[in-house]
Amino acid sequence: MEARGDRFLRQRQVLLLFIFLGGSLAVSESRRYSVAEEKERGFLIANLAKDLGLRVEELAARGTQVVSKGNKQHFQLNHQTGDLLLNEKLDREELCGPTEPCILHFQILLQNPLQFVTNELQIIDVNDHSPVFFENEMQLKILENTPPGTVIPLGNAEDLDVGRNGLQNYTIAPNSHFHVLTRSRRDGKKYPELVLDKALDREDQPELSLTLVALDGGSPPRSATAQIHILVLDINDNAPEFAQSLYEVQVLENSPLNSVIVTVSASDLDTGNFGTISYAFFHASEEIRKTFQLNPITGDMQLVEYLNFEAISTYEVDIEAKDGGGLSGKSTVLVQVVDVNDNPPELSLSSVNSPIPENSEETVVAVFSVSDLDSGDNGRVMCSIENNLPFVLKPPVENFYTLVSEGALDRESQAEYNITITVTDLGTPRLKTEHSITVLVSDVNDNAPTFTQTSYTLFVQENNSPALHIGSVSATDRDSGTNAQVTYSLLQPQDPHLPLPSLVSINADNGHLFALRSLDYEALQAFEFRVGATDRGSPALSSEALVRMVVVDDNDNSPFVLYPLQNSSAPCTELVPRAAEAGYLVTKVVAVDGDSGQNAWLSFQLLKATEPGLFSVWAHNGEVRTARPLSERDAAKHRLVVLVKDNGEPPLSATVTLHVLLVDGFSQPYLPLPEAAPDQAQADSLTVYLVIALASVSSLFLFSVLLFVAVRLCRRNRAALGGRCSVPEGHFPGHLVDISGTGTLSQSYQYEVCLTGDSGTSQFKFLKPVIPNFLAQGAERVNDAKPSVRNSFEFS
C-alpha cells in the first residue's frame, strides 16, 4: 500500500509539473556552444541576435540579459552587435575539475514579452598541465625470492587535464628485470604497476635504480619522471593481507570531527618483526590527508575535517599495511558522503521594476531564480509571498519565477509595498531564505481636488477698502506631486447681471478671496458665486464650491427728513389754534434712514424752541404736540428745531426746523411771516455767490493744469529738439487722482487730464457720481421699501 501511495504521489507531481510548464511563459529551444579554455576576455562565442532570430535593436529594447548559475558573470552581451563574449578567462580545471564534458549552463532572459532561452557552453580542454607525481622518489624493497611475474604497485601521477590531454601511460627505461603496466581505476585514473620479469639475486645486485616516466596524450605530449630505488631483501615470504580488498562506507556530511568512520584490518603469517603490521595511506592526495587520519596501529580511519557533499561526494582512499620486513599489502576504502540539508536555498534577482503606476494591471514587478546546492528533497524548493499583498507568483520556468501585480493598485491607500519572498527547501529540517523587495507605486491623477466645505459664507463690512482680504477657500488633493497642486479660479456666475469680475478676485495659488472695490450694503446686500479648484494632472480634474458673500451694514447714512420738506422756496408753517389743549398734535416729523437694523432705528428730540416747555416731541414717532394748554400770553410765532438721530455707532443725525403760528381759529387767513421774504432773498443771493466762486475756482484750476502741462511739454521737446517748443501729436497718458471719502456712500472721484494735440483744444475730463434722488423715492421709503441704491458713473 505504501509503494502504491508513493507511486500515486510521484504521478501527481509529474502531472502538476506538466500543467505548470504548459501555462508558463514561452521558453525557446536551448543551444550548445563550445569554446576552448584559457581564451582571453572578449573572445567571441556566438552572435545571439542571429541565433535568436532577432534584430540587434530588439535585444536592447527587450532588456536582454545573460544569467549564469550562482550569479557568476562568465559572459557579457554586446547590445550593439548582439555578440556573446567571454567576460573572463575560463579555466576548465577550476570550473569542472575531472568532470568531462565540462558544461556551463546559462540562460538568456528577454522581457516584453518575457522569454527564457536555456543555453550550454562546453569548455574544451587544452593540454596546459603536465603530469605530476606525488612522490618524485620511490623506494621499494623486494625479496630476492620474489617470483617473476610479481606485480608491485607504484605511486601514480596526476594530470589535471582530461581526455586525450590527461595521463595516458607509464614507461621505464628498458631493463632486464622489470617492465611497467598501465592500469585504470574505477574513476578512470591511471596508475602504474611494476612487473618483475626476471628473478632477483641480492648477492649479484642488491640495489637497482629505475626512472619512471608518465606521459599524457597532448600534442606535443607532456611528461613527468620519478626515480625508483629498489632494495633487494632477504626472504620474508609472507606479506600482510587485508581482510577486505575494498571497504565501502557511507558517512553523513555533518559527522563530527574525530569520529571513526571505518577500521581496516590486515594480518601477516610471519612472526616477530616480520609479522608486525603498520597502516598508512598509500600515495594519498593532499585533500585526503587533510580530511582523514589513519591510526598506524589500530587501523582506525578518523575524520579530521568537515565533509561537504556539494564539493566532494566520494573519496577513494588506498591504505597500505606493511610488516617489519618491508612487505606490504594494499586495500581501498571507498567513502561515500551522504547529503544532509545544510545549505539554505539561494535567490538571485534578475530584474526589479519599481516604481509601477497605480493604475497598471498585471505588471511584472520582479524576475528571480532560486537554487539549492543540496540534492534530492534537500535540493527541491518552493517559493511563496505573503497572502495579504496584491501580488502573485507565476509558476517557475527553468527555476525562474515572476512576481506580478494582481489588479490595479491605489497609491493613496498604500504608496509602498515591502514584499518578502520566502524560499523553502523540502529537506529535514527545512531551511529557508527570505529576500525583501521594496516596490514603490507611482501616482496617477485619479483624485479630484476636494474642498474642505461644500459652501462658504463670508462677511464683509460695507465701505471696505479695495483689495481687502475677505476670506479663503481651501481644497486638498489626495494625489502627489503636480497631480496634487491645486489652482483656484472664479467660475461664471449663474446670474448674468452680476459683475463678479469687478467685485471679487481669488488668488490662484492659495484660494484667498479679495474684494476689488468698496461695497455698499444699500446697493448690494449679498451675492453668491462658485469657485473651482483644478489640479495640474493630465488630464486635469476639478471640483467646485459655493461661496455666499454677505455685506454687513455700516452706519454710513444720516437720517433723511421727508416731512416737512426742507428744500422748498418757502418754509412750511404749522397753524395751531390757541384753544388747543395739552397733547394737541401739531405735526409729525417723518424721516427715513438708508441703513438697516439698529442703524436705521430713529429717535426724535426737540433741540431748540422759541418758548421751551410749550411743545414736546415724541421720541419714537416724531409727533410734535403741545405740552400744556395755550394762553393769550404765548407768542404767536414759534420756531422749533427737531433733532433726528439713528441708533448706529457712532450715531448720525439730521435737524429740521418747524415754524408754528398760533391763531385764534382756522377761519383766520394765513399771513406769511414778516421775516420770510427777507430770508428767501438772502438765500437766493448766497446761492449766486457760491456759483460764481465755484466757477472762478474751477477756471483757475483748469488754467493752471493747462499751463503746467504746456510747460512740461516745452521743456521735454526743447531738450530733444534743441530748445524748440511744439505741440505734441496725439494723446499722452493722463494722471488720475483718487480721493476717497466717507458720507452717505463711500465714493471715489477721479480726474483725468488729457491734451489733444491735433485738435488744438484742451479737454478736461472728470468722473462724477450721480446722487440718488431721495425726494423722488421718499414715498417708497415711507412704505418701508428699501431702494437699491447703486453707484453709477459717467464721463462728461
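This is a predicted model: local features need pLDDT of at least 70, side-chain atom pairs count only at pLDDT 80 or more; totals for chains, interfaces and linings use all residues.
Local features were taken at pLDDT of at least 70 and side-chain atom pairs at pLDDT 80 or more, while totals for chains, interfaces and linings use all residues. Residues are numbered from 1 along each chain as its sequence is written, and side-chain values use heavy atoms, with hydrogens and water left out.

The count of salt bridges (a side-chain nitrogen of Lys or Arg within 4 Å of a carboxyl oxygen of Asp or Glu) comes to 20. One of them joins Arg-183 to Glu-193, with the closest N and O atoms 3.1 Å apart. This pair links distant parts of the chain, Arg-183 lying in strand β13 (residues 178-184) and Glu-193 in strand β14 (residues 190-196), 10 residues apart; strands (E, at least two residues) are DSSP runs numbered from the N terminus. Arg-183 is partly exposed at 36% relative accessible area, whereas Glu-193 is buried at 14%. Buried means under 20% relative accessible area, exposed over 50%, and partly exposed in between (1.4 Å probe, protein chains only).

Lys-330 forms a salt bridge with Asp-318, the closest N and O atoms being 3.8 Å apart. Here strand β25 (residues 328-338) contributes Lys-330 and strand β24 (residues 314-322) contributes Asp-318, 12 residues apart. Lys-330 is partly exposed, at 37%, and Asp-318 is buried, at 10%. Both belong to a network of salt bridges that also includes Arg-185 and Glu-316.

The structure holds 1 disulfide (cysteine sulfur atoms within 2.5 Å). It is formed by Cys-96 and Cys-102, whose sulfur atoms are 1.9 Å apart. The torsion about the S-S bond is about 65°, so the disulfide is right-handed. Cys-96 is buried at 16% relative accessibility, and Cys-102 is buried at 0%.

Thr-146 lies in the loop between β9 (137-143) and β10 (151-153) and is buried, at 13% relative accessibility. Its side chain reaches the backbone oxygen of Leu-143 at 2.7 Å. With residues up to four places away in sequence not counted, Thr-146 touches Leu-196 and Ala-199 (contact means heavy atoms within 4.5 Å).

Conventions:
Helices (H or I, at least four residues) and strands (E, at least two) are DSSP runs, numbered from the N terminus. A polar contact is a pair of N or O atoms within 3.5 Å; within protein, one must be able to donate a hydrogen and the other to accept it, and residues adjacent in sequence count only if both atoms are side-chain atoms.
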